[in-house]
Amino acid sequence: MTRPNTGELQPEEAPGAELKSYAVGLLVSFLLSAGAFAAAFSELPTNWKVIIICLAALLQIMAHLRNFLHLNFSGGQSREDLLLVMFSVCLLVIMAGGTWYIMSDLSGRMHQNGADHAMERPAASQGL
Amino acid sequence: MSGQSSPTFGNLDWEVTPYTDLLEHVNSSTIIGAGAASVLVLGAFAGIALLTYMRWWKPLFRDWLTSADAKKIGIMYIALALVMMARGIIEGLVMRAHQATALGALDKAETGLVAPDHFAQLFSTHGTIMIFFVAMPLLIGLINFVLPQQLGARDMAFPVLNQVSLGLTAAGAGLVMVSLLIGDFGTGGWTMYPPYTGLDYSPGEGVDYWLWAILISGVGSTLTGMNFAVTIFKSRAPGMHLMRMPLFCWTSLCVAIMLIYAMPALTVSSAMLALDRYAGFHFFTNASGGNMMNYANIFWMFGHPEVYILILPAFGVFSEISSTYSGKRLYGYTSLVIASMSIAVVSFMVWLHHFFTMGQSAGVNIAFGIATMIIGIPTGVKIYDWMATMWRGRVRITAPVVYLVGFFLLFVIGGLSGIILANPSIDYQVHNTTFLVAHFHNVIIPGVLYGMLAGVHYWFPKAFGFRLDESWGRRTALLFVGGFIFTFMPLYVLGLMGLPRRSPTFQDPDFLPWMYIASFGAVLMLAALFCLLWTFWKSYRHRMSLSVPGGDPWNGSSLEWSTPAPVPEWTFASIPKVQARGDWGETKRAGDPWRAPDSYADIEMPANTAHGLIIAGMAFALGFAMVWHIWWLAALSFFAITAALIWRGMRVIEPRIIPARQVEEEDRRFREYVAGATPITRADEESERNRGVPDCSEFAG
Ligand code: HEM
Ligand SMILES: [Cu+2]
């Protein structure tokens, strides 16, 4: 098996171990995908479905990084790996959080979501 | 298109070409449509005939299409971009000519050169082509050519993946080209907003052409981003610390990161729209819970970083040429690095400014408006750095410097109009007018286009061994500057007068004078294009007197100037050991820069392969089949791609070994040439005496 990120061989680990890590990753990914589909087709309340699917997705991302991309926080490259992961998380938070911020504001003003917050404020100001 | 879909040919039939329209009604619009299709067909035939007549098929296949050499791949990207640019500029001229003849009245049908629907196809293809198949291939090509050489690497980290990326980009470009002859292109602009582009309002094949061109080339660009990033992180020469990299490498790193994180957003929004159109989903439809506003949201999550993907390499080029052509060290290296990185990160936080008017609350708009204005700061820092670099330098007014000065003057105007637009309340007034069209052309043309053309001019001798003619280069640059001013400054005025963008007609005769000026400018732009081609042709004819075998025609300071021109396949006879920032310059200052390496070793190069070509062909077939609903072909090509990937993954592939003897022989010959040539001073740079061997004693920067 090669050391993470170097292409240098690590003699103490046999190719078998590498194969095993890939196989585990594949199996875990498969189970998590199947779980997400099962949740989608199940009778659970929608909120639960969304939570389960998101969780499965997050776990699967971690499995990919660990088992397929050999991300490793204890080797010689750990600092670089950590930086890259933090940078990715940062950008993903910006994108996902921004979407949440924008779309919930828009849907509030479209009087979706049942509660019409956006309506209430102008009405109140009219009363003054 | 008939209502029935055949199992063999899908929705294809004989009625899809523009010639059918021409037979039905003869007018200027159908004539232009059929004319464009004919140019495509005749151009293709002429190309085939030329290749056959010159017996170039074999060299083309052996030396270029199957090559995994990043330098050649870069050159092919740029060639693709120039072909597409010809179409894009001509379309721009046709649109300008149309609007100059489109004054109408509310109670009459639209008049003008082309029909309204044809006009809509023109701005949609023009925008799509210019962004995805001109600007992107130009910068990806330039980075491919320059980056490994500047880093002191032999090649990209993944040479064959690089070839596949090029193939996917070309397949996407091919789809847009084929839409000239077979069927129509979409009419939703380069952004293709639903619900208009959903099945209900755009049932034909047009939007699908866009979708598949974008999906396929988008995968290619994502892979390119990964390739660049890995190359920069893993393949630098020994001693090339990050803070020793030339600035072009830094901006390439920013581009790589942004490609990796931004392109997937485009793939997602396009894939969701494709699901709506092909599989009955309701992501963006009016009915059944669709939310078309989310398309704008996801699209611009890609779209804004994209504009900085386009501009950052140009910033890199300008950093290199401002320093080289004024014979000075780059001023404020660290500040330029920090500014580039800040731009890359902040550009992910501003995407909402493209839809200020979509209806969100003022607070949301303000947050993104402020973030947008912040980007102006690092950009301003850069402009000052470049000006300070040139300050009191020995500036030579070469063609790249003309581009640079044009960029200074015009880009600042474009940037300022951007800051104006970043204010949501102003944006409400001018959004969707030609003021916006003027703004983005004002940053794209003086920024991206000038930057890339300047870069092509600057590195051309490295690629082909001879310089480009400076007089014609300067003329081209001046025409692009003048053409830009005449074409787009009037659009600011028209926008403030209230002309909506993308309008095939208007009723106010006061618009006309400005329209005429803009059309004149578009003619100048076309002239600039011809001038550019003429520069290439003329320089090719005089290649003997322009040749610079010494390889350092501009007295540069980064590693790529230490090798012969044209640069050999293996780039460096032995990988340099980097001691300083601007290592080649430091070596020159220390004297005797052309010392031969102590020993030569065998060099391993990636073997030629048709892998990229096969994937490109299959990807094109997949896209075309999906557009026309030819399901069997789609399935076939999809499995063929998968099979090709697996097959290559299973095989052991031997690299090609270049024996040390051959390397040594060529390297010796180069060093003897340099030793025998007369070094020239900067004042002689443009004369025939410039053989690429500069006078090192003059090296101050
Ligand atoms: C060279 C001369 C050029 C001319 C004469 C030209 C002309 C035009 C015109 C007339 C439009 C339509 C404006 C409207 O909607 O009212 C347009 C749109 C556009 N152009 Fe250009 N252009 C040129 C170069 C470029 C370049 C170099 C780029 C980018 C690399 C570019 C990117 C775009 C884009 C993205 C659109 C928007 C398309 C849409 O509305 O979806 N153009 N151009
Ligand atoms: Cu933007």
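The copper ion (ligand 2) in this predicted model is held by three protein donors, B:His304 through ND1 and B:His353 and B:His354 through NE2, at 1.7 to 1.9 Å, where donors are N, O and S atoms within 2.8 Å of the metal (3.2 Å for Na, K and Ca) and where sites may look incomplete, as water is not among the atoms. The donor residues follow the sequence spacing H-x48-H-H. B:His304 belongs to helix α9 (residues 293-324) of chain B, while B:His354 sits in the loop between α10 (333-346) and α11 (362-390) of chain B, so the pair ties together parts that are 50 residues apart in sequence; helices (H or I, at least four residues) and strands (E, at least two) are DSSP runs, numbered from the N terminus. B:His304, with a relative accessibility of 6%, counts as buried, whereas B:His354, at 22%, counts as partly exposed (buried means under 20% relative accessible area, exposed over 50%, and partly exposed in between, with a 1.4 Å probe and protein chains only).

Residues are numbered from 1 along each chain as its sequence is written, and chains are lettered from A and ligands numbered from 1 in the order in which they are written. Local features need pLDDT of at least 70 and side-chain atom pairs count only at pLDDT 80 or more, whereas totals for chains, interfaces and linings use all residues, and side-chain values use heavy atoms, with hydrogens and water left out.

Ligand 1 is surrounded by 22 residues, of which the closest are B:His126, B:Trp190, B:His441, B:Arg501 and B:Arg502, a residue being near a molecule or strand if one of its heavy atoms lies within 4 Å of it. At least two residues of this shell come from each of α4 (70-100), α5 (116-151), α14 (434-464), α15 (470-497) and α16 (512-541) of chain B. The shell comprises 13 nonpolar, six polar and three charged residues, with Ala, Val, Leu, Ile, Met, Phe, Trp, Tyr, Cys and Pro taken as nonpolar, Asp, Glu, Lys and Arg as charged, and the others, Gly among them, as polar. A nitrogen atom of ligand 1 lies 2.8 Å from a polar side-chain atom of B:His441. Oxygen atoms of the ligand are approached by B:Arg501, with a side-chain N or O atom at 3.0 Å, and by B:Arg502, with a polar side-chain atom at 2.7 Å.

Several backbone features occur in loops of chain B. The peptide bond from B:Pro194 to B:Pro195 is cis, with omega near 5 degrees, and B:Pro195 is located in the loop between α6 (159-181) and α7 (206-234). A cis bond also joins B:Ala565 and B:Pro566, with omega about -5 degrees, and B:Pro566 is placed between α16 and α17 (583-590). B:Arg392, although not a glycine, has a positive phi of about 60 degrees; this residue lies in the loop between α11 and α12 (399-421) and, at 74% relative accessibility, counts as exposed. B:His629, likewise a residue other than glycine, has a positive phi near 60 degrees in the loop between α18 (611-627) and α19 (631-650), and is partly exposed at 24%.

Chain A contains four helices and zero strands, and buried residues make up 22% of its 128 residues. Just after α3 of chain A, A:His111 takes a positive phi of about 60 degrees.

Conventions. Polar contact = N/O pair within 3.5 Å; in protein donor to acceptor, adjacent residues only side chain to side chain.
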